[in-house]
Amino acid sequence: MPARITFEFETPRGPRTTALTYERRGAGEPLLLLHGIGHHWQAWEPVLDVLAAERDVIAVDLPGFGASDGLPPGCAYDLSTVTPVLTAFCAAVGAERPHVAGNSLGGLLALQLGREKAVRSVTALSPAGFWSEAERRYAFTTLRAMRASARAMPVPLIDRLSRTPAGRTLLTSTIYARPGRRSPDAAVAETMALREATGFHETLAAGRTVLFRDDLPALPVTVAWGSRDRLLPPRQGVRAKRTLPGARLVRLPGCGHVPMNDDPALVARVVLDGSAAG
């Protein structure tokens, strides 16, 4: 069952308090899992048990997403704020300097945690921040459209669509290459997570000027990209490799933007191999 913890984190104006919800399973070296914008920790559910067989896995709802609280008033949803929140969260749950794996926004945050030397290794699945300006605008427009669609659909319609592969394709095909594999309950839950995410607009606004430009030479880094990513095209992985020349670049054949459900065995192996390097 998910847990919830309230803790303090540092800001330029002094300590503030928030509460995050997380799922913890397994034993071994700690592994923090970070989801993308508009999603929730359950995005990692297809790989959690495999990862938990070898790691102490902590999948967290980011601030303003899933069942976690939003950030306190006056706190921006940018890297300089969210990174200290995640570092303080890890300390609060007794998992200081974990390995980290993140998808999309979570991949960008994982790389930022690596830049801050707050983690042992980084695995980033289709991370944000390696886009051209045209690609960023396309991704943000698509995300806004997904959010508007989720908010406009009556809940009974979302439930009805989730019951068929065609309906799940309509709900989730932007982020999954194989949306029919998603369970009806999962399709409903993640559509509702997108619909209700209180931090969505602030997080998207904070990302308008984000580009990840720093190498992480002293840290094991894996960057993996789905070959069928429709939100952040795989060519961005080549840019990531140029920025991070020491990183391992892995292709995920047949996978979309959120690859954990498209090929759980492959994604679990990539994450475990990446975290073994630390």
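These notebook entries record what I looked up in this structure, moving from the whole chain to one residue.

**The model and its elements.** I began by noting that this is a predicted model, and I then looked up its secondary structure, finding 10 helices and eight strands in the chain.

**Overall dimensions.** I looked up the extent of the C-alpha trace, which along the principal axes of the chain spans about 45 × 40 × 40 Å. I also checked the radius of gyration, which is 17 Å for the chain, and this agrees with a compact globule because one of 278 residues would have a value near 19 Å.

**Burial and contacts.** I looked up how much of the chain is covered, and 59% of the 278 residues count as buried. Turning to contacts between residues at least 6 apart in sequence, I found that 70% of them join residues at least 24 apart.

**Surface and charge.** I noted an accessible surface of about 11,400 Å² for the chain, with 54% of that surface belonging to carbon and sulfur atoms. I then looked up the charged side chains, of which 33 are positive and 26 are negative, and the centres of these two sets lie 7 Å apart.

**Thr123.** Leaving aside neighbours within four places in sequence, I found Thr123 in contact with Val100, Ala101, Gly102 and Ala110, with Thr222, and with Val270, Val271, Gly274 and Ser275.

Notes: Residues numbered from 1 in each chain as written. Predicted model: local features only at pLDDT ≥ 70, side-chain atom pairs only at ≥ 80, totals over all residues. Heavy atoms only, no water. Helix = DSSP H or I, 4+ residues; strand = E, 2+ residues; numbered from the N terminus. Rg over C-alpha atoms; globule rule 2.2 N^0.38 Å. Buried < 20%, exposed > 50% of the residue type's maximum accessible area, 1.4 Å probe, protein only. Contact = heavy atoms within 4.5 Å. Areas by Shrake-Rupley, 256 points an atom, 1.4 Å probe, with all protein chains shown as cover. Lys, Arg positive; Asp, Glu negative; His and termini not counted. Charge placed at Lys NZ, Arg CZ, Asp CG, Glu CD.
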